[in-house]
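Please look over the sequence and the model below before reading on.

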Amino acid sequence: MSKTMTQQEALQEYLLRLADSDMILGQRLCELCGKAPALEEEMALMNVALDLVGQARNWYEYAAELINDGRSADDLAFKRDANRYRNALMVEQPNGDYAVTMGRQFFFDAWHYFTIAALTQAPDERIASIAAKAAKEIQYHLRRSSEWVKRFGDGTEESHQRMQTAVDDLWRFTGEMIEADEVEQQLFKAGIGPDPEQLAADWRGLVNEVLTEATLTPPPEDAWMYRGAKVGHHTEHLGFILAEMQFLPRAYPDAKTW
Amino acid sequence: MPRPGKPEPRSLLEDQPVIASDRIPARDRSQPVTEADLWALLDEVKDPEVPAVSVVELGMVRRIAEENGEWVVDVTPTYSGCPATEMIEESIEEAMGLAGIRNGRIRRVLTPAWTTDWITETGRRKLQEFGIAPPVGSSSKLTLKGVEETITCPHCGSAHTERVSEFGSTACKALYRCLDCREPFDYFKCI
C-alpha cells in the first residue's frame with residue numbers, strides 16, 4: 001500500500017473490502033441451497049445470503065461511482081480476479097459441517113455488527129444510509145449465529161466437540177478482521193471508519209461472552225494469525241468461488257435476461 | 001447490481017396489468033394531477049410478495065412531490081437485498097402510466113432506513129386477515145439479545161405460539177407455529 005494514498009483511494013479500497021466480504025459470504029451460503037440440514041435452516045441461510053448480496057450491491061454501487069473509471073457495480077463483482085478481491089479470509093473458507101458454517105458466520109457477524117454500527121455515524125451520508133439499512137439486518141444475523149454457537153457448544157458431547165474444533169480451526173482467520181492496516185487507520189483518523197481499538201475490544205468482548213456461555217474455550221488472543229486478504233493474498237478457496245460465481249457474466253457478457 | 005438495459009415496465013403476469021382497470025382511482029383527466037391522486041393510485045399497488053397490502057400501507061412510499069415539472073416518488077426498500085424492490089418500482093411506474101401520468105419518476109432512498117413501525121394500521125389489519133401476524137412492538141426497543149414479544153396466531157388468535165425459524169418465506173418474515181390450532185404462519189418481523 002502506497003504511503004501517498006489519498007483519502008479517496010483509501011475509501012474506495014475500504015468500500016471494496018466491505019462489498020467483497022458480503023459478496024463472498026453470500027456466495028458461500030448459497031452453495032447450501034438445496035443441501036442445508038433442515039428446511040428452516042435453508043430458508044434462513046438463503047435469507048442471510050440475500051441480505052449480504054443486497055448490502056454488497058449498495059457498497060459496489062457507491063465504490064463504482066467513486067472509482068469512476070467506467071466500471072459498473074457488476075463489473076466490480078464479476079470482472080476482478082482473486083488478487084483484486086479484498087474480502088476477509090474468514091468468509092472464503094468452505095462451509096464444512098454446520099458447526100463450521102455457523103462458527104464462520106458468528107465470527108463474521110460479530111465483526112460486521114460493530115463495524116456497521118460505527119459506519120452509521122459516518123459523516124459521509126451515503127455510507128451512513130447504507131450502514132443504517134444493513135445494521136438492522138446484521139443484528140438479526142448475529143442473534144441467530146450466536147444462538148447456534150451456544151446450542152452446539154452447550155449441546156451434546158459431539159456437537160460440543162465439533163463446535164470447539166470449528167472455533168479452533170477458524171480462529172487463525174479472525175486476527176486480520178480486527179487488526180487495522182493503514183487504510184483503516186487513515187479512515188478512522190478522517191472520522192469515517194470505526195475506531196480500530198474499540199472494534200477489536202468490542203469484538204473480543206462479545207466473542208468471549210458467547211463462547212463462554214456456549215461452554216467453549218476461547219483460543220488464545222496471541223495465537224498465530226493468517227493475513228494478506230487486505231492486499232489480495234487469499235487462501236486457495238477464493239479462486240474456486242470466483243470461478244463459479246463469475247463464469248456466466250464472463251462467458252456471456254451481453255446476457256441481458258436472467 | 002443495476003441490470004443492463006432497463007426493461008419496459010411490466011407486471012409479473014404478462015397479460016395482467018399491475019392494477020386491474022376498475023381499480024384505478026377515478027380522476028378528472030382534464031385537471032392537473034395532484035399529490036392526493038398519486039397517493040390514492042399507489043395505494044392500489046400491491047407488494048408482489050404480500051399481495052394483501054399496498055406499498056403505501058407498508059410504508060415504502062416515503063414522499064411524493066412535484067419537482068421541476070416531474071412527480072418524484074421516493075421509495076425505500078424493506079431489506080437491502082429484497083428481490084421485490086425492482087418489481088415494486090416498475091409496478092409504480094406502470095401504475096402511473098396506466099393512470100395517464102407521464103411525468104413520474106422513482107427515486108430510491110435508503111435513509112432513514114425502513115422500519116416496520118411505518119406499516120399503517122390498515123396495513124396491519126390486512127396482514128392479519130391475510131394470515132400473516134403483523135409486527136409486534138416498536139423497532140426501537142429491539143436489542144441484540146432481545147426476545148420477541150408474544151406473537152398471536154393470525155388464524156385462531158391464540159397467544160400460545162412458538163417460533164420455528166427466525167426467517168420465513170421472504171426476508172421480511174419469520175416462521176411460527178400455533179400450538180393450539182396447530183397451523184403454521186408467517187410473522188412479519190419487527191425491524
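Is the crossing of α5(A) and α6(A) left-handed or right-handed? The crossing of α5(A) and α6(A) is left-handed, a term used if the near helix is turned anticlockwise from the far one by less than a right angle. This is a predicted model, in which local features need pLDDT of at least 70 and side-chain atom pairs count only at pLDDT 80 or more, while totals for chains, interfaces and linings use all residues. Residues are numbered from 1 along each chain as its sequence is written, and chains are lettered from A and ligands numbered from 1 in the order in which they are written.

**Helix packing in chain A**
- The axes of α5 (residues 98–119) and α6 of chain A cross at roughly 145 degrees and come within 7 Å, where axes are lines fitted to C-alpha atoms, for helices over the stretch in contact, and angles run from 0 to 180 degrees between N-to-C directions.
- Helices (H or I, at least four residues) are DSSP runs numbered from the N terminus, as are strands (E, at least two).

**Contact between chains A and B**
- Chain A gives 30 residues to the contact and chain B gives 22 residues, with two residues in contact if their C-beta atoms, placed from the backbone, lie within 7 Å.
- On the side of chain A that touches chain B, α2 (39–67), α3 (73–78) and α6 (125–153) each supply at least two residues, and the largest share, 13 residues, comes from α6(A).

**Domains of chain B**
- The domain assignment, which is automatic or from a database, gives domain 1 (21–108) and domain 2 (117–188) in chain B.
- The centres of domain 1 and domain 2 of chain B, taken over C-alpha atoms, are separated by 27 Å, and 11 residues of domain 1 are in contact with 13 residues of domain 2.
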